[in-house]
Structure formats: C-alpha cells, structure tokens
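Here is a friendly briefing to read alongside the model. Take a look at the chains, then follow the notes below.

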Amino acid sequence: MTKKNPRKKKQPKKSAPTKNNTAGDNGMYQSISIENFKCFKRIDLKNLGLINIFFGPNNSGKTSVLEAVFAHAAGANIYAFDGQVFNKRKNNITSGLYDYGENIFNMFNVFNNPVDGKYQFKISAKLENNTKKQILLNTFTPDYVLYDLKTELSKNIVGPAPEQKFIPGPNYPGQPLSHPGIVPPQKIGAWEIKVNDKTDRYDAYFPPNYGNVNRNPLKMVYVTDILSHRDTISEVKIYGQLKRSNLIGEFTSELTKYFQEIREIDLIPRPDGIASSVYIGLDNEKKLPLSSFGDGLRRWFHVLGNFVLYKNAIHCIEEIDATFHPEVQAPFAKRLYHYSKEFKNQIFATSHSIEFVDSFLKSLFGPNGAITDSDEDPIRIFTLDRSTDDIGIWALSGREAYDQRTQYNIDLRK
Amino acid sequence: MIIILCEGTTDAILIGYFLTKYNYAYSKEKDSPVKIPTPKRNEEINWYKKTDSDPWIAIWTVGGFDRLGNGLFKILSRNQIERNKSRRFTRIILFCDRDQRSEQEFQDLAASWEKPPEFECEKMAATGSWSKYKMTSINRTPAEEMSGELLFVAIPPDAKGNLETFLLEALANENENDRHIVEMSKKYINEIPDTPYLTKNRFREKAQLGVALSTFSPDWVFSETDKRLTNVDWKNVSDVNSVFHFFDDIIPANK
C-alpha cells in the first residue's frame, strides 16, 4: 500500500461535475431498499404511501430510515448529504478530524467490513415516475490518516504515531463545520457517489470542502427535526410562501380553531427596515413575535408551512407528534394529510406516541374521517422490530393499523 | 398470557372459581392488557390477575361449542399481529362439554375450523394433553415464527355428558348422603313434564344441578347461580379437582 505524505498540503479538489442530474418530477417513493447503511445490513420498505410513519424502540433505526431516504433523495448532492446525514446528529459541530472521520464511518453498517479498504452503502428506490430503480451507491475510501479509527484498516499498517499523521494545529473543539475558520484542510479520503450510471468522485477533506459542486438531487427533500421550528429565518420564508400562495388566510383560520387567541399572522419589518419577523396578532390587539410562542404553535406553523414552501417534495419529520397537545393532534393530522395531498408531498416521519397515531388514524379512518372506504389508503405504519436476530418490519396500511388499534389494541410501537 | 375458551357461563364460573383458589383475582376489563373483539351478545371475557410477574389469564365465554373454533381463530389471528411477545396468548385452553362426541369427532371438528395460514398443530383436539402449535406472524418481514401450546379439556374427561352431569356425578361420588341428594334431585326433575319449563334435555340437566346445589346450601337458595355454584368447595371434590389439574401446568406454584 502506498503511504501518502501526511505533511503535504493539498488543496481541495474542485470536482467538475460530469453532467447535472435533473430533479424533475420523479414522483413519490414507492419502495426503497437500504443496504449496509448504519444499523441496517439490509432493509426493504415496500408499498410506501403518501404518509409513512415509523415506530420502534430507541435505537431500532427509525431516524436512520429517514437519513437513508434523505441520502437517496440528495443523490450526488454531496454537501446536502454531508451536512444533513452524517453530521446532522451532532448539529454539524465537530471536535476534530477523528470525530468527523468517525461520523463518516458510522454511515456504514458496523458488520460490513471494508472491501479493499472501501466502505460502501447502497440505497435503491423505485419512484413513481421512473420505470427503473434509482440506485445510489456511496463509497468512501479512507486515507491512512483515519486508519487508527478502524482496527480492520490499521492492523497491517506500520506507520507514524497518530498525531504525526495529520497536519498539527490547534485543537478546535466545537468547530462548526459550516465555518471551517483557519483549520488547514486535511485530506482524509475519497468519496465516490454513483447515481445509476453516473459517477462523481470527490476528495474528502477535513474541514469538508468538495469544491464547486452543482448536482441536482434526485428529489427535493426537507428534514424537520424536533427543534427545526425554532429557526426564525424559515418562519419568514414560510410566511412569504404562504402569502404568495394566497394561503395565509386559510392557514390563519386553521390555526385560530385550535389556538384560539390568534387573530392574524403578519410580517413586520424591524425598526432598521432591513429584516422582518413573523408576528402573531392576538385578540387583545397585541402583536407578539412567533418566536415568543410555545413550541406547539411554532411547530404547526413550521411543519405545515414547509409543505407549502417545499411542494412536490419529500418531508422527513422526526418525532412528528412532538410538542402537540392531544387536542391539537387530530386537527394537525388532518391538515397534514390534506396538505400532503394538495402539495404532493410525501412524508417519512418517526414517532413514539401511540396517542398521536390513534388521533391521526381516527381523524382519517374513524367516524367522519377524511378518508372514505372508496378512497385509496395513503397511510403506512411501519414498526421496526429488533426482537429477533434480523431487523424486522411490521408494515400496515392506515386502515389495517386503525383496525388493529380499535379491535385488538395492538401496540404499534412494539 | 393464557386464555381459556369455554362454551357457557357455568363453565366460566367454575373456571373462575378455580382461578381464585390459585390466588388469581378478577380484574376489570379496562385494566386488561389487550383487547379481543367479542361482538356476540352472549360472549364475555373475564380477566384474572395474580401478581405482576404472573401471566394474565382470560376466560372467554364464546357462547357454545360451535363458536369455539371461531374464538380460537381470533386468538391465533391476534397473536399473529401482536408485536410484543408478552402480549401473545401462548397457552390456549379449549374447555367444552364432551356430550356424545368421540375423540375422533373432536379431531374431525377441530380439523374443519378456520385456521391462520401456515398454522401447524399435531393432535390439535386430543383431549387432556397439551399440543404444541407453530405459525408465523403476518404483516412482518421477515415473518416471525411463533409457537404456543393448546389444551383441549372435554368434560367429563372419560365419559359422555356435560359439565352439569359431570358435577352432579362428582358430588354424588363424594359420600352416600350427597349421592342420595343428587339422585333425589334427578328423580324430582325427571318427573316434571317438558313444558313449559324443561323443554330441552339440557335444561333438565341444569335444573337437576340447581336443585342439588340449593339443597347443599339452602342459605344460598335465593342467590344467583354463580354464587350457589361457587359456594361448593369444588377443590375438595376429587373428581372435579382432577379435571382442573391443568392449572398446575399454567400456574406452577400455588402461592
């Protein structure tokens, strides 16, 4: 094996994309197979619906499913993949090169030993408007500098002590990846991202810098985690889109039903005239910034607002039930369904709340539910189950789930 | 969890009586860990609980022998969709009257019952001994193998008849005085014409038991049948106690 000079500075390779993919309208995901990705050796999610909710105990892989969906949808858009998948769980903050390297290794199934020093995962999916499966093959070849993190890589290596392998510099604990600052770039490996028959190669650096990448994703995808609703900039973006879509009235009237003190939603410039904030007008004529309200109201605004902002997209929502009072869950669920349908958004969501799913299913399939017997069932409830050696998936349609809950009181959470 | 499917209320009362002797206590349905749909009017499920570490036991009165197969199918179907092992019924007891059926007839009837796909059970309706069953989950990929045990308890265990005739016979076998009362009860009821009250032989057998029980405990004569029935110390009626020895299998230590 050729040893690389650890002290040789190398600038990030500016990868020239061969040809842009077009996101186009690939439609909804119909099935997805995930191989060697995180906790999954292999998992097949078939017969996906408009709204897919994932249950399972902690560490069963719910969030990993969302990440796999994101990774696939991102395709060769490596910045999205980098920021949203393997660094997101640490809020895109790293304590250094090894920490960052470990995040990369953690993308791959722990039981999947590298072949020829390469780590690989594969996600293939059938989308509505494609006749062929869309196959994403991500391969990472770590450089010598990361070998100490993986015994299977370092066992045959005789080399300098770890601290001599990379360019010495100050320790940068808490260094945000999006602001690399003065850390000198260090090559740590190479990525090969193959989407169907097109392959892009990127040198991987710490801090990450893939050059001027301009690749379209396979499908627009947006992630909502449990704190995304606290982003005040997206509040303004959502307000703007609601206004442009003439939906602010409908949106306000829905909110008013369940948050009764609300009279209007407004955008008010700050005194400097430059920036604006979303304000909520109350019955008592006062206006307060949306950011001063509780998480339930803000998350309603954020999740449903993003459905209008990012149409014809995949929405990955972590803990979809989080922050909602039981009385608000059913109307939220109903609106979620209507907005998904209206704006052609497909949802992949995780949850731990059986109360939420009961409200959700009842609002859709119960008496006076939004979905009638003659409608196609757009809901899927998946439960990830690690009680046996493999990871099993219990898969139900919405109506099946509703029947199992009401007739047998089956705990869908496992 | 354990479930005992029985034909009628008398069976359920007697089984419930024995459960209390094994320190199990009746529990309200709302506290039960799982739900079983019982749409028929004459169906009822009673739940019993001992301690948190002991399994729940349910007694399901299905409303007649003809409905036992349907009840079993519902329980097995429920097991197939239950994700949590501790909420599956791994021991199922079918408690029924033998009537005039031979062992072969039990086998033939059980063979005709609807069963979940891939269900396997050798000697499913062999009375008096546990049979192991296997099946696979549905809605799960890969399918999960599930197993459990089935017990068919036919009353009387070794003669034709039903619960009422069996109990009367068991009481008669206790001592000469009791035998005399049982015989007199039978004689009295047999002399009453069919109409208007005893239009079926089954009613006659129930009435014979009722007269005998009222005589054994006259203080309880105005009580409902269940109270009169449970006022008898059945655990010390050796023939009856021997039928319920299956509780020793499902409740290992009588704490």
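**Domains, sheets and a helix pair**

In chain B, eleven residues of domain 1 are in contact with eleven residues of domain 2, where contact means heavy atoms within 4.5 Å. This is a predicted model, in which local features need pLDDT of at least 70 and side-chain atom pairs count only at pLDDT 80 or more, while totals for chains, interfaces and linings use all residues. Residues are numbered from 1 along each chain as its sequence is written, chains are lettered from A and ligands numbered from 1 in the order in which they are written, and side-chain values use heavy atoms, leaving out hydrogens and water.

**Domains of chain B**
- Domain 1 of chain B covers 2-158 + 243-254 and domain 2 covers 163-233; such bounds come from an automatic or database domain assignment.
- The centres of these two domains of chain B, taken over C-alpha atoms, are separated by 28 Å.

**The six-stranded sheet of chain A**
- Six strands of chain A form an open sheet in the order E2-E1-E5-E6-E8-E9, with antiparallel pairing.
- Helices (H or I, at least four residues) and strands (E, at least two) are DSSP runs, numbered from the N terminus, and two strands pair if DSSP finds at least two bridges between them.
- Strands E2 (40-45) and E9 (198-206) of chain A stand at the edges with a single partner strand each, so one side of each has no neighbour in the sheet.
- From one strand to the next, the twist averages 15°; angles run from 0 to 180 degrees between N-to-C directions, and axes are lines fitted to C-alpha atoms, for helices over the stretch in contact.
- Strand E8 (residues 186-195) of chain A runs antiparallel to E9(A), and nine bridges join them.
- A:Ile193 has A:Asp200 of E9(A) opposite.
- Helix H1 (residues 62-74) of chain A packs on this sheet, touching E1, E2, E5 and E6 of chain A, and its direction makes about 105° with that of E1(A).
- Helix H2 (residues 78-86) of chain A also packs on the sheet, where it touches E1, E5, E6, E8 and E9 of chain A.

**The three-stranded sheet of chain A**
- Another open sheet has the order E11-E12-E13 (chain A), again with antiparallel pairing.
- Its edge strands are E11 (262-269) and E13 (287-289) of chain A, each pairing on one side only.
- E11(A) and strand E12 (residues 276-282) of chain A are joined by seven bridges, and A:Ile265 has A:Ile280 in E12(A) as its bridge partner.

**A helix pair in chain A**
- Helices H8 (residues 326-342) and H9 (residues 354-365) of chain A pack at an angle of about 50°, with their axes 8 Å apart.
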